[in-house]
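Me: I've got this model open and I'd like to learn how to read its charges and salt bridges. Can you walk me through it?

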Amino acid sequence: MFDKILIANRGEIACRVIRTARRLGIHTVAVYSDADQHALHVALADEAVHIGPAPARESYLKAAAILDAARRTGAQAIHPGYGFLSENAAFAAACRKAGIVFIGPPPDAIAAMGSKSAAKRLMETAGVPLVPGYHGEEQSEAALRGAADAMGYPVLLKATAGGGGKGMRVVTSAGEFSEALAAARREAQNSFGDDAMLVEKYLTRPRHVEIQVFCDRHGGAVYLFDRDCSVQRRHQKVIEEAPAPGLSPIVRAQMGEAAVTAARAIGYEGAGTVEFLLDTDDSFYFMEMNTRLQVEHPVTEMITGQDLVEWQLRVAAGAPLPLAQNQLEIRGHAFEARLYAEDADNDFLPATGTLAFLQPPEESDHVRVDTGVLQGDSISVHYDPMIAKLIVWDEDRDRALTRLARALRDYRIAGTVTNIEFLYNLITTPAFRAAELDTGFIERHRDAIFRRRPDTDARLAALAALYLLLRREQAAGEFAATTSDPWSPWHSAHGWRCNDAPVQQFHLLLDGREILFTATADGNRHQLHSELGRAVIAGTLAGSELHASLDGHRQLVTVTAHDGGYSLFTRDGALHFNEVRTDAGAGEEDTTGGLTAPMNGTVTALRVEAGARVAKGDPILIMEAMKMEHSIRAPADGVVAEIFYGVGDLVDGGAELVRFEADAG
Ligand code: ADP
């Protein structure tokens, strides 16, 4: 076995590899870019080497810098993780040449699967079933169109150099062919520098079922069963599970054997995944082979009880496979959900931001969290916006699914947009529970997944209001304690006044909407009223724990204040909100001088121009952070002398936004 390995990757996969290496007593070397100086993978490794600036092209993809780091630190082997250089045959060859073991398949095997077309021709010869299609060298539009016409529409155009769903187009009729081909070619050229295409019969309701294979250099080859990765957005996986539900033992064995045949056909070594499309009639077709460890390998680990990174290390060091086929079996059921910083409501647009609050669910035999970030870390534009992989296991699918729902609710993140709510809504649809899976799942169940929940929204808003009321009371209490007459009713924040019902009003920003709340004190409770409805709220606040009672329903809620505002986490989901301070300057604040940004965000609108005369309370500028708007208002009557930012500008919390001159007197 190796004494020291280098991990040529970052984020969760680097951390995950380091964990196994450490358990086996192997020293680890991390590599890092400028952006990752303080990253978790660097902190976890025994040593770390800086390899370049933030862009991957200048760091994690720089083979020479990585090999140099391995040489300098005396690492005997390099684990490439996934992505970056993991499927780069030239890099695997360069490692070999440098006398360093590449923890992965031989360069020839990577190259054999590097082109989807060439791989398909190879598989055809090996007798592995293929989706009917054209994988020829001839690339004229006439040849490709001829193939499409012959197999009948719909067809799928795919970049032969493709990956990540890029350069793929569905063509539903002959009339669309030309335009679709041009678009797919452009995308392929931009992404891979190669616009060669293959044409496939487009299956209308396939499942994506893939097989984990493992081979050693002594002729050993096994499959570690299947994963269903049908739930995809933009042809990319979001939820994976193992084993694939409803697969008969016969089909399972057939697919496993076909996958092993595919691996043997290219002289494979190490961990690999053979991806198939499974049609409604149980026929299955080879799609491609990924010659690396997959993102979703943990679900296989959970159901087989094996550590696949340990297997990789052993096999790369020349040992035979730890187990034979008849020693492997499936136990229970596992799910993986990929948590991304992305806006599901906005076509899954990737997001960035600082993880102002990050609290994963507690890990156990049932719950595993693979992540590479800590609270305070940033999701940057330079790398994949994945925050974590949440993996759960239980005796059967139903129970595992219940655990997944619970764990998603317990995953608390603030500071960036995430897909957690989307994942929760997806996995709690009846169709998902019934395992009615195919690659069109999200599209077909769009209404159920993206449902609006006005009742829940109103409840969460009432809890947010309660939190702010209690915070005000606390602040007032703290202030009173510092005065000479701490019990004076004038310090109370209840809105107490002589001979009148104690009423407080405040504005909250909820999902970009500014909502006015009126709270009337009634003993220890408040009658709350807003356009969202009425509620009776009461509770106590201790740190971030809010013991709330909402219309008689008691619950424990977590609330945290951070740069971007407040985040509230409940069994019904999370709410990110802000208080709109319309009374800025009315109290002790200086009304002349600057108005500052309440949080990191973007300027989305200017309501007035420099030089404008405004009345107290008039909006001057609108900022947005975490999808929430915040109006910056005039603290008094006066003139907006200067505005320092324009629409679209990024602003740090605390930065001066405008110079304001209040009227004298
Ligand atoms: P990439 O390498 O870009 O991820 P794949 O070839 O792995 O592309 O395909 C990605 C996804 O596209 C599959 O998981 C499946 O959902 C869909 N897909 C691929 N080929 C077909 C096909 N012939 N018919 C229907 N869907 C397909």
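Me: How many positive and negative side chains does the protein have, and how far apart do the centres of the two sets lie?

Reply: Count Lys and Arg as positive and Asp and Glu as negative, leaving out His and the chain ends. Each charge is placed at NZ of Lys, CZ of Arg, CG of Asp or CD of Glu. Here you get 65 positive and 90 negative side chains, with the two centres 3 Å apart. One caution: this is a predicted model, where local features need pLDDT of at least 70 and side-chain atom pairs count only at pLDDT 80 or more, while totals for chains, interfaces and linings use all residues. Residues are numbered from 1 along each chain as its sequence is written, and side-chain values use heavy atoms, without hydrogens and water.

Me: How many salt bridges does a search of the whole structure find?

Reply: Side chains of opposite charge can pair when their charged atoms come close. The cut-off for a salt bridge is a side-chain nitrogen of Lys or Arg within 4 Å of a carboxyl oxygen of Asp or Glu. The search finds 51 of them. Take K389 and E12, whose closest N and O atoms are 3.0 Å apart. K389 sits in strand β22 (residues 386–394) and E12 in helix α1, so this pair ties together parts 377 residues apart in sequence. Helices (H or I, at least four residues) and strands (E, at least two) are DSSP runs, numbered from the N terminus.

Me: Are K389 and E12 buried or exposed?

Reply: Go by relative accessible area: under 20% is buried, over 50% exposed, and in between partly exposed (1.4 Å probe, protein chains only). K389 is buried at 0%, and E12 is buried at 7%.

Me: Where do D68 and R71 lie?

Reply: Both are in helix α3 (residues 63–73), three residues apart, or about one turn of the helix. D68 is partly exposed, with 35% relative accessible area.

Me: Which residues do salt bridges with shared partners join into one network?

Reply: They are R16, R19, R23, E301, D307, E310, R314, R368 and D370. Zoom in on R16, in helix α1 (residues 11–23). R16 is buried, at 4% relative accessibility. A contact means heavy atoms within 4.5 Å; leaving aside residues up to four places away in sequence, R16 touches H297, E301, D307, L308, V309, R368 and D370.
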